[in-house]
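Subject: Structure for your attention

Dear colleague,

Please find below the sequence and structure that I am handing over to you. My account of what was found follows directly after.

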Amino acid sequence: ISDQKPLGCWSVKHGQVLTCPVVCNFETHEYIAVHDDKVLRIWKNEDINLDKAFKATLSADVHRIHSLPEGGPVVLFRGGGVRTLDVLLEAPQQEIENILSDETIRWSEAFMEGQQPVIIFVTEKNGDFFVYVQRPKLNDLHRYRVEPQELSKPLSFTARIKNQTVTLLCLYSNDSVYKVLIPLQQDAEEEEQILPKSLLLNLSVSGSVLKGTSLVVLDKDHVAVLGSLAAPGKEPKECLTIWNTKFQTLQTSKELPLGTSGQLWCYEEKFFLTHGKVLTVIMYKCETSSLAAAVGKLKDSQTPDVSSFVNWHTLEDEELLVSFQSQESVALKSESKMNLRPRRNSVAKVQPETLSVGQLLLNLKDAPTNVLETELRQLMSRAQTPDLQATIGSVVTALTNRCKANPKYYPQNFLLQIVQTRDLSYSLCPDLMAVALEKKDVHLLQICLERFPDIPEEITYACLKAFLSISEAYLQRTDVNLESVICYIDVELDNKEVKTEIVENGFNAELDRDTCDTKMPKQSQSKSAGESCPVGPYRAALLNAVIHSAYSETFLLPHLKNLPAQQAILFLRYLYYLYVKCSEKVNTTLPGVSCPTINQIMDWMCLLLDAHFTVMVMLPEAKELLSNLHKFVRAQVRFYSELNKIEGSLRELQRLNHLRDSQTYSIEVLEII
């Protein structure tokens, strides 16, 4: 997400409008969308054209679709009716009841209670707010009126269900959060019930007031509020804050200087919010609410190892990626022991097994190199499965921070071991490839390009430029993996590429030479540019890693335009060499492990020509290359055009082959006219 890689894109026709958020059906791995209020669309990831996807026109306007991991999608209509998707697809034109009377739905959410889906939505009418709780499979519906609040109104809602009770939290315009309890098991009552609310939290601390815009519940004792923190005499600053509702304290906060849309989402212990022009994802993990955490935070909010709660690494690259472990709850009982967290100067006395990952990494920040690596290896060996990736990412970040602080320190073997044996991604350790580029560690860069699925295009370009500029003598001293090139680059004793004598798939340089109007020098006529590899095997293996990596053309093209002309020509020569090599084979596939495909090769050739076409046309040294490339492509087009002419005959041969009795021996001569 942070690198904006579009993995799929679907569009409705001109004039059509998507009218509610698209959701994913976790059971069937399908996407579900509604456009123009009533038209339901369902498609899978491999579907390309949305217009050809499944379509069903419903009888009523849809407000929202909620998808439950274990309960399937549930559809909420604007009139208040609710249907599960399975029931709705059985008869899309079934009549949907209208239970709302001039009311507008302001918020809705779906939950699973036991085996039953539960839909909760809040409506507004003339300044009054109503809560509906509906269990569609049980045909159970309850309507409540929220107790009004003088001189303020609700801005945002969030809820959680536990033990057959709905806890509805309401963020009001008077900078307070109120709690409303709604029992699920309740007899039908004729009179409308008024739900009392209780004050849960005042959003103020040390004279500053948080003007909240969005609220999400994290657990029974913590909520997150997005809004503007206004201090007396200062300009309001947009912040993401986390509050302890049990002890009425601000647990942690983060300023968002680029601004937000005012919306906050929470899913699987991750925050999602727009920060500036990007969607930011922030991991968090709730601690068991304790007085020690609350008091510790209030006593010293500047101490980084006290009440660690959120991984702010997404917003600030220089901070450590921290995994947080739950601390033992401290209850207000006479027999309980008050274990306040130790301050930083006394943390070293605590056994490593009792420290959180964040605390341990902070303690090792200034440790000797041998101690650092030993402790980090132990940390990785004891990491539990749920936090394994975050822990490994924090280890790599600790190592790269040490490399940046001490230019002479570079644990190449340790980093290689981690990347080769662990399931990492670029976003977990964003400084790793930058440090490897600085150290010219081409082997580590090669492995990262092969393993990381989310490398930004800027880093991909930096790797390409480095691979093209590093000398061949330096590359030969490195431990580059040659598996992707060893099967098709044949090296003689003088390190020259063996010429290819047989060229299949319709191309022959001698037969096609007279079809090109460009006059070639005599020396260049003696051999085809595609017959010898323009780079050595080490550089070829590194370039293959770049070609094989994922990228978005939109974001890569601006960087490619900065590639020096001579390097661009060298890279295009190698791509042309690969293109000729692929075309020699009937299946157009290079032998070897993780070799570039012909589609990847052609895509990169097109990208490079788009980025440097004007320069290459003007450069004399590129003239021969462009001419050969033009001839080869034209020969390929001519060859496939000839194949198309006999397509009918080939199909007839295939049909006759099926009709022939396989038990009878025969020789047939067929004349193709």
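In what follows, a contact means heavy atoms within 4.5 Å. Among contacts in the protein chain between residues at least 6 apart in sequence, 57% join residues at least 24 apart.

Two remarks on the source are needed. The model is predicted, so that local features need pLDDT of at least 70 and side-chain atom pairs count only at pLDDT 80 or more, whereas totals for chains, interfaces and linings use all residues. Residues are numbered from 1 along each chain as its sequence is written, and side-chain values use heavy atoms, with hydrogens and water left out.

Overall content

The protein chain has 18 helices and 24 strands. These are DSSP runs numbered from the N terminus, helices being H or I with at least four residues and strands being E with at least two. Of the 673 residues of the protein chain, 46% count as buried. Buried means under 20% relative accessible area, exposed means over 50%, and partly exposed lies in between, with a 1.4 Å probe and protein chains only.

The sheet from β12 to β16

Strands of a sheet pair through backbone hydrogen bonds, either parallel or antiparallel. Here, two strands are said to pair if DSSP finds at least two bridges between them. An open sheet of four strands has the order β12-β13-β14-β16, and its pairing is antiparallel. Strands β12 (154-162) and β16 (198-202) stand at the edges with a single partner strand each, so one side of each has no neighbour in the sheet. From one strand to the next, the twist averages 25°; the axes behind such angles are lines fitted to C-alpha atoms, for helices over the stretch in contact, and angles run from 0 to 180 degrees between N-to-C directions. Within this sheet, strand β13 (residues 165-172) is joined to strand β14 (residues 176-183) by eight bridges, and the two run antiparallel. Y172 has S176 in β14 as its bridge partner.

Strand β20 and its partners

Strand β20 (residues 237-244) has six of its eight residues buried, so it is largely enclosed by the rest of the structure. Strand β19 (residues 222-230) pairs with β20 in the antiparallel sense over eight bridges, and A224 stands opposite I242 in β20. The hairpin of β19 and β20 has six residues between the strands, and G233 takes a positive phi near 75° there. Strand β21 (residues 249-255) is joined to β20 by six bridges, again in an antiparallel run. W243 has L250 in β21 as its bridge partner. In the hairpin of β20 and β21, with four residues between the strands, Q248 takes a positive phi near 60°.

The sheet from β22 to β24

Three strands form an open sheet in the order β22-β23-β24, with antiparallel pairing. Strands β22 and β24 stand at the edges, each with a single partner strand, so one side of each is left without a neighbour in the sheet. The twist averages 25° from one strand to the next.

Strand β22 (residues 264-266) pairs with strand β23 (residues 270-275) over three bridges in the antiparallel sense. L264 is bridged to L273 in β23, and W265 stands opposite F272 in β23. Three residues lie between the strands in the hairpin of β22 and β23, where E268 takes a positive phi near 50°. Strand β24 (residues 278-283) runs antiparallel to β23 and is joined to it by six bridges. The bridge partner of F271 in β24 is I282. In the hairpin of β23 and β24, which has two residues between the strands, G276 takes a positive phi near 70°.

The axes of helix α8 (residues 442-451) and helix α13 (residues 537-548) come within 8 Å and cross at roughly 30°. Helices α8 and α13 are therefore roughly parallel to each other, where angles under 35 degrees count as roughly parallel, over 145 as roughly antiparallel, 65 to 115 as roughly perpendicular and the rest as oblique. In this contact, V442, Q446, L449 and E450 in α8 meet A541, L542, A545 and V546 in α13.

L468 lies in helix α9 (residues 457-469) and counts as buried because its relative accessibility is 7%. Its C-alpha atom is separated by 9.1 Å from that of L542, 74 residues apart along the chain. Leaving aside residues up to four places away in sequence, L468 touches R539, L543, L563, Q567, L570 and F571.

With kind regards
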